[in-house]
Amino acid sequence: MTWESVIGIEVHVELSTESKMFCGCAVDFGVEPNTNVCPVCLGLPGALPVPNRRAIEWIMLIGLALNCEVTERSVFHRKNYFYADLPKGYQISQFDIPVCHDGYLDVTVDAETRRIRIERAHMEEDTGKSTHVGHGGRIHAAESTLLDFNRSGVPLVEIVSRPDIRGAAEARAYAQGLRAVIVELGVSDARLEEGSIRFDANVSIRAVGDEVLGTKVEVKNMNSFRSLERAVDYEIERQIAVVETGGELTQETRHWDEEAGVTQSMRTKEGSSDYRYFTEPDLVPMVMSAPWVDEIKQGLPELPANRRDRYSKAGLDADLAGVLSSSPAEIRAVYETATTAGANHRRAANWMVGEVTAWLRRTGTDPAELPLDGPQLAELVEIVDEGHVSSSAAKEVLEGVLSGEGQPRDVAKARDLIQISDVSALDEIVAGVLADNPEAVDSYAAGEQKVIGFLVGQVMRESQGKADPKLVNQLLREKLS
Amino acid sequence: MLHEVTIAEAGKRLRTGEVSSSDLLDAALERASRTEAQLHAYLTIDRDGAREAALVADADLEDGIDHGPLHGIPVALKDNMCTRGVETTASSQILAGYIPPYDATVTRKLREAGAVIVGKTNLDEFAMGSSTENSAYGTSYNPWDISRVPGGSSGGSAAAVAVGSAFAALGSDTGGSIRQPASLTGVVGMKPTYGTVSRYGLIAFASSLDQIGPLSRSVEDAAITLEAIWGHDPLDATSYAGDYPKPSAALSNGVSGLKVGVVKELAGDGYEPAVESAVSAMVDGLSDAGATVVKVSLPTFDIALSAYYLIAPAEASANLARFDGIRYGHRGEGATTETLMARTRAEGFGPEVIRRVLLGTYALSAGYYDAFYGQAQKVRSAIQEDFVRAYQDVDVLVSPTSPTVAFEAGARVDDPLAMYLSDICTIPSNLAGHPAISIPIGLDTQNLPIGFQVMAPALGETIMFQVASAVENLADFAERPILEEVAS
């Protein structure tokens, strides 16, 4: 039998607003535990939540970027459960009326683009953080648990896809595409390893052609795109193996064990948990008026997918367009300014994703600190196009510019990298080389065209590499004809 | 006696220099020391804090700084309102020793108004009850007859105001918890329009119903106190942000030309004859004073109690989930988080709280939600519609506040349903979010007070107080409880 996987992904995004979702505490994790706390996010008796307007604007922004509808009147609910790091005994979340619904994200795997529908994006608050001490940090048999409520009440957006994803590679592409959108919007640090963006996958399998969905397994604890892909891949294979050996799948939550490379069943609860959702009586409904939604829409930046299309149309090949469009904003800004000033798109892009990016990595420089601006890149491209500097010498020019030695032309001069493009200056060298190599001249006359390469090389050597090879070639042909 | 004067009167004497705030405080504390052994109105008396506040109030007044009508007035707070640095328990074992790090908005506003906070009054645990017998720290008693309850859940506040150990007090009213004890102790008790008094710092019972309001010895004092504590609060997302009425300005306007509706459903079986006759005499009095009186039927009132006992426990089941022993309050022993939490709650909550948490949890459970909580919300909407319909024809609605006078302590403890019926007249206003006030109008043959309730539409405080003031004048209720003083 041929199987297909049916996958839905739930994404939690921690918003990097200045203050928490329902109180004025700072969103900042680089501080002592339990210092960014107040009566509200500690769940002290009598404290009340007041929603963060910025967070609501940001979830609208996320929804609009994912082609969602924004609900006109959205409601908060209480999701009730007991946990030590859940201070109120309920999480303020949303149930049946989320802020955003019915969107999509297009993902491309192996040149095939598919549309993954997004069911909803809703607003909620994060919990505190438990640290289990002793016995390898596992809750069972831990000696004690430390609680840090700095994260309690941080705004969280949960984005739920429809089960439209097929296969582990597409799951990864969806996750990466979604993260790229979040990064572009600037609404979250979106760091997987730190948990500011978290992906859970609902995986099931069915025989190709079946309409009915199979038993769903939720897979958690993937903290890189690679582990997401591996976990989903493993889970699909595991489910196929279970079914093909006559076994039965159970609806459960499984934990991805990165080291062992397997998913493991978490303690299964009796039945499904009942969160007893009901409308949060401490809050009034959020009303997202049409003018407000329009205002947010105006603030939407260009999204990675649109930018890739624009770059392709400007003449970049698919790979280059893809790499550049997901490069840091500062890298793209230099490219944009240079090309607006007339620089060749492909060459400008190549510099930025190639040498410039490599230099940043090599020197450990933050892109925001990049000591190269658009006009400088345009000048660099121009002096190569004009033949003043060879492609290889241009790398040295760039090095000089990045080291703060000045404008590209000045650096080229100062470093003595200007090509000899003056015919009279070259004439003499060319004449000398021809005089010194009569055999080569003869061979050329006899029809051996390729010997010209040898002669060009001799001229270059005589000029210590500064001759413009194109011009040398031209001069030699003139002299030999 | 100084402890018996109204806030309005005390304020006059303060400003003529006849008395000081410290004198008023002395009178209240002296009264407390003579009555607390019998009444147990207070859980905490903050002598030092009150003394200091009184001295500041006196010094300010001497310097010409006048914070308004509550300046220098000793008041009490129900112990479910947070007071920074002063133990706040909501009468629950689970909060024994809990000292809030912040003031409730009402506490802050009282301080800013120059009031002197005498202490924290007893209540039914988490405001769940109608007799103040559900307190983990002991029952409060009624100053008119110490074998009887003062009503609840704000029974401590009511008893303190009735006996003069505070000039006014704040209570909270979720289903009648200000008005019913006011009625049973012969004082004025008022529940404002939902959203007009901030709930920030009020330990929640049922968030969509809870509202803080004043208990006082006169209608005017209630208006004065209300105007000091209400107003928009950015810390409460349900706080009303529009214009507020000014009821204290309309007290002497009389009832001539007003239409008063007598609620047909709040009479008959279960209503004591003395209560019914006192109420109907007052209705006649209003008519004689120029009001047009009509009978009004609000059929949904018959099912209000059932809806209330689903909605309030449902919200409470979530509101009380934070008491888990992890961050504050009582902590039970347990090797796992689950047992620690379960034991904390089993040990820390009293039987009525556990009953309501279970009831609410059940009402919200998958498979029962639609039948219980969902249905109750529909009834709530129907009650609101009933009110809207009634207010097309009348300005205010009137009824008894409580079907009975104060009952014997212990009489209803084992019969929760009988206890729940105590709030039958008061619950509809909570479900609608409307204001309502109870005014004492007389005593029955056993010398127990009877209360008269005036209800008004949302933000209808001005007309409500106008009628309440007329009721007060007609009743001319001047009796005070005669409590045999026992030196403590």
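**Group meeting: a two-chain predicted model**

Residues are numbered from 1 along each chain as its sequence is written, chains are lettered from A, and ligands are numbered from 1 in the order in which they are written.

Back to the domains. Five residues of domain 1 of chain A are in contact with four residues of domain 2 of chain A, where contact means that the C-beta atoms, placed from the backbone, lie within 7 Å. On the domain 1 side, helix 2 (residues 168-185) of chain A gives the largest share, three residues. By class, that side has three nonpolar, no polar and two charged residues. Nonpolar here covers Ala, Val, Leu, Ile, Met, Phe, Trp, Tyr, Cys and Pro; charged covers Asp, Glu, Lys and Arg; the others, Gly among them, are polar.

Next, secondary structure. Chain A has 15 helices and 16 strands. Helices (H or I, at least four residues) and strands (E, at least two) are DSSP runs, numbered from the N terminus. Nine strands of chain A form an open sheet with mixed pairing, in the order 2-6-7-10-1-11-12-13-14; two strands pair if DSSP finds at least two bridges between them. Its edge strands, each pairing on one side only, are strand 2 (69-70) and strand 14 (262-265) of chain A.

Two helices of chain A pack on this sheet. Helix 1 (residues 53-65) touches strand 2, strand 6, strand 7 and strand 10 (155-161), and its direction makes about 165° with that of strand 7. Helix 3 (residues 225-244) touches strand 1 (3-14), strand 11 (197-207), strand 12 (217-222), strand 13 (252-257) and strand 14, at about 25° to the direction of strand 11. For these angles, axes are lines fitted to C-alpha atoms, for helices over the stretch in contact, and values run from 0 to 180 degrees between N-to-C directions.

Within the sheet, strand 6 (residues 100-109) and strand 7 (residues 112-125) of chain A pair in the antiparallel sense over nine bridges. In that region, Val107(A) stands opposite Arg114(A) in strand 7.

Now the overall dimensions. The radius of gyration of chain A is 30 Å, well over the 23 Å from the globule rule for 481 residues, so chain A is more spread out than a compact globule. The radius is taken over C-alpha atoms, and the rule is 2.2 Å times the number of residues to the power 0.38. Along the principal axes, the C-alpha box is roughly 95 × 55 × 50 Å for chain A and roughly 65 × 50 × 45 Å for chain B.

Buried residues (20 or more other C-beta atoms within 10 Å of their own, C-beta atoms being placed from the backbone) make up 40% of chain A and 61% of chain B.

Last, the chain interface. 33 residues of chain B are in contact with 25 residues of chain A. Helix 9 (301-319), helix 10 (337-348) and helix 11 (351-364) of chain B are the elements giving two or more residues to the chain B side. That side has 20 nonpolar, seven polar and six charged residues.

Notes:
This is a predicted model: local features need pLDDT of at least 70, side-chain atom pairs count only at pLDDT 80 or more; totals for chains, interfaces and linings use all residues. A residue is buried if 20 or more other C-beta atoms lie within 10 Å of its own, exposed if 12 or fewer, and partly exposed in between; C-beta atoms are placed from the backbone.
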